[in-house]
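Please work through each task before reading its solution.

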Amino acid sequence: MGYFKERWEKQHQEINNFPIIAPFPKNALVEISNGCNHKCLFCYNTLMQRRIGKISKDMFIKFIDNAVKLKVEEIGLYTTGEPFINRDLHSFIKIAKDIGIKRIYVTSNGALANVEYVEECIEAGLNSIKFSINAADKRSYEIIHGKDDWDKVLMNIKDIYNLKLSKYPKLKLLGSCIMTTVTGDIREKYHSIFGKYFEDVVFSFAGSQGGRNAEYVERFSPGVTLKKNRVGSKLEPC
């Protein structure tokens, strides 16, 4: 059983066993910044109308302090933004660890995750990195991600993997891949490239991200028919 399947089944079992009043979640996502250095075809971040900004450290401390008091144990420092766009990411990680968060993880496209800064984040308390790489070759990568960062990402992943082997064996390296009409089903090719580096990879076809870009994403997601809600808009539940 892979990491993602095991985690999903555990969460699914917890949901099925919830009492009428559910316990407070053990896990939370915190958007450090909504900025991103890529413009992926299927991602709502490219359509976002919010102004690019970053959470203040005072607000972050207040949230983490309250979260720990409510028994939150894990936080992911990302939502649709790229966490490594923030060169003070390590300080947010350290704050969360010092307050009492047990596990801290990020999802990154990997282009800004140079090994020197990643090590600084690991030393601050980062436990896991999931790399969001949505292609298995240089050409389709540039089309999907909107940037020609394929070679840079490969180099960063190799460097971080070697760092893990030499100094940080407990660091968890994972992958995720959103497949589209540009790539088709690339699972076999993807594993041949990244299987050495990632403990587990989760694959899916592009979805509507909670209904926010339902009409847009259908052009890039083969065979997906989005459900309609009661007022007729195409929507998948968040």
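**Exercise 1.** Which side chain meets that of Lys-172 in a salt bridge?

*Solution.* The structure is a predicted model, in which local features need pLDDT of at least 70 and side-chain atom pairs count only at pLDDT 80 or more, while totals for chains, interfaces and linings use all residues. Residues are numbered from 1 along each chain as its sequence is written, and side-chain values use heavy atoms, with hydrogens and water left out.

Step 1. A salt bridge is a side-chain nitrogen of Lys or Arg within 4 Å of a carboxyl oxygen of Asp or Glu. Lys-172 meets Glu-199 in this way, at 2.9 Å from N to O.

Step 2. Helices (H or I, at least four residues) and strands (E, at least two) are DSSP runs, numbered from the N terminus. Lys-172 belongs to strand E5 (residues 172-179) and Glu-199 to the loop between H7 and E6, so that the pair links distant parts of the chain, 27 residues apart.

Step 3. Buried means under 20% relative accessible area, exposed over 50%, and partly exposed in between (1.4 Å probe, protein chains only). Glu-199, at 48%, counts as partly exposed.

**Exercise 2.** Locate the salt bridge of Arg-103 and describe the strand in which Arg-103 lies.

*Solution.* Step 1. The whole structure holds 13 salt bridges. In one of them, the side chains of Arg-103 and Glu-74 meet at 3.3 Å, N to O.

Step 1. Arg-103 is in strand E3 (residues 103-108) and Glu-74 in strand E2, so this contact ties together parts that are 29 residues apart in sequence. Arg-103 is buried, with a relative accessible area of 15%; Glu-74 counts as buried at 18%.

Step 2. Two strands pair if DSSP finds at least two bridges between them. E2 and E3 run parallel and are joined by three bridges, and Arg-103 is the bridge partner of Glu-74 in E3. E3 also runs parallel to E4, with four bridges joining them.

Step 3. Six of the six residues of E3 are buried, so the strand is largely enclosed by the rest of the structure. One side carries Arg-103, Tyr-105 and Thr-107, the other Ile-104, Val-106 and Ser-108, and all are buried.

**Exercise 3.** Why does the pair of Phe-84 and Tyr-117 count as edge-to-face?

*Solution.* Step 1. Rings of Phe, Tyr and Trp (its six-membered ring) pair if their centres lie within 6.5 Å; planes under 30 degrees apart count as stacked, over 60 as edge-to-face and the rest as tilted. The count by this rule is 11 aromatic pairs.

Step 1. The ring centres of Phe-84 and Tyr-117 are 6.3 Å apart and the planes stand at 80°, so the pair is edge-to-face.

Step 2. Phe-84 sits in the loop between strand E2 (74-76) and helix H3 (89-99), and Tyr-117 in helix H4 (residues 115-124), so the pair ties together parts that are 33 residues apart in sequence. Both Phe-84 and Tyr-117 are buried.

Step 3. A stacked pair is formed by Phe-131 and Phe-198, with 5.8 Å centre to centre and 15° between the planes. Both Phe-131 and Phe-198 are buried. One aromatic cluster includes Phe-131 and Phe-198, with Trp-150 and Tyr-190 also among its members.
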